[in-house]
Amino acid sequence: MASAQPARELLDRKLAGFTGAERGQVIPVADDPVAPAFPGHSFYVLRFRQYPVAVVPPTPLTTNNIFVVKPDGSVEHVGDVEALKRFFQTTLAPVRTEMEAKDAAKAWLRLAQEFQQDGFLQFTIRDDSMRIASTADGGLQATGRAIVNQRGGNSGEIFAALTFNPAGALADVAETINIKRGIRPICQATKLLDPDPIVRGMAEQAILVMGKDAKEYLDEVRTTASAQLRQAIDLIWERIRAEDR
């Protein structure tokens, strides 16, 4: 029987059982790749910040956690790729058609990318990267890629191959991860007024490379900055906007 309570309320009740969970950020995953594979399920990410100062997640939580609110009102914690594989094996409806295999692979790529996320990566699941093939035993194999958007110095991809047995159950998942991370906020904003023009220039360039992804970091630094530093932050943010970085 489906729960009448909103999914977010059920999630909040679950998170209340983890001391320190309130230090993380809850992000709903409502993208199309997930819904077709798991109708009636609501997905959320609980992410603990890594930059500029890392927030240590409380045990048993990890830096990036997926929580699934199921139609019956139960909430499952998916803490890593192995747990995600088990969730797919126990929850995914039998995959017997190429479209179902494609939907399942897209859902995997959308969710698995969250375990690589540090808040500064953006992925695109390319439809033309999806391939469906029959296996020797009469099952299906779906392969695809989640491509890292090349901004802020980020690049790379996640490649996944999902193999389904003749009964449609997930038999295996193979992943290859090749991600290169770009510039991350450390202390660049606090160096915008540095007396050394080289240091100041390096800080400005790093913030410009991060572009709009640096907005949350800049806002946080701005709240405790001097009037002069706030002005410098505002100026570089206006430049980011003007140059559409």
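Let's start with the aromatics: a search of the whole structure turns up 8 aromatic pairs. A pair here means rings of Phe, Tyr or Trp (its six-membered ring) with centres within 6.5 Å; planes under 30 degrees apart are stacked, over 60 edge-to-face, and the rest tilted.

Before I go on, this is a predicted model: local features need pLDDT of at least 70, side-chain atom pairs count only at pLDDT 80 or more, and totals for chains, interfaces and linings use all residues. Residues are numbered from 1 along each chain as its sequence is written, and side-chain values use heavy atoms, with hydrogens and water left out.

Take phenylalanine 38 and phenylalanine 87. Their ring centres are 5.0 Å apart and their planes sit at 40 degrees, so this pair is tilted. It links distant parts of the chain. Phenylalanine 38 is in the loop between β1 (25–29) and β2 (42–47), while phenylalanine 87 is in helix α2 (residues 81–91), 49 residues apart. Helices and strands are DSSP runs, numbered from the N terminus: H or I with at least four residues, and E with at least two.

Now phenylalanine 38 again, this time with phenylalanine 88. That pair is edge-to-face, with 5.0 Å between centres and 80 degrees between planes. Phenylalanine 88 is also in helix α2, 50 residues from phenylalanine 38.

Buried or exposed: which are phenylalanine 38 and phenylalanine 87? Both are buried. Phenylalanine 88 is buried as well. The cut-offs are under 20% relative accessible area for buried, over 50% for exposed, and partly exposed in between (1.4 Å probe, protein chains only).

Which residues make up the aromatic cluster? Phe38, Phe43, Phe87, Phe88 and Trp108.

One more ring. Lysine 215 lies over the face of tryptophan 237, 5.3 Å from the ring centre. The test is NZ of Lys or CZ of Arg within 6 Å of the ring centre and within 35 degrees of the ring normal.

Last, the whole protein. It has 6 helices and 9 strands. The C-alpha trace spans about 70 × 40 × 30 Å along its principal axes. Of its 245 residues, 42% count as buried. Among contacts with a separation of 6 or more, 55% come from residues 24 or more positions apart; contact means heavy atoms within 4.5 Å.
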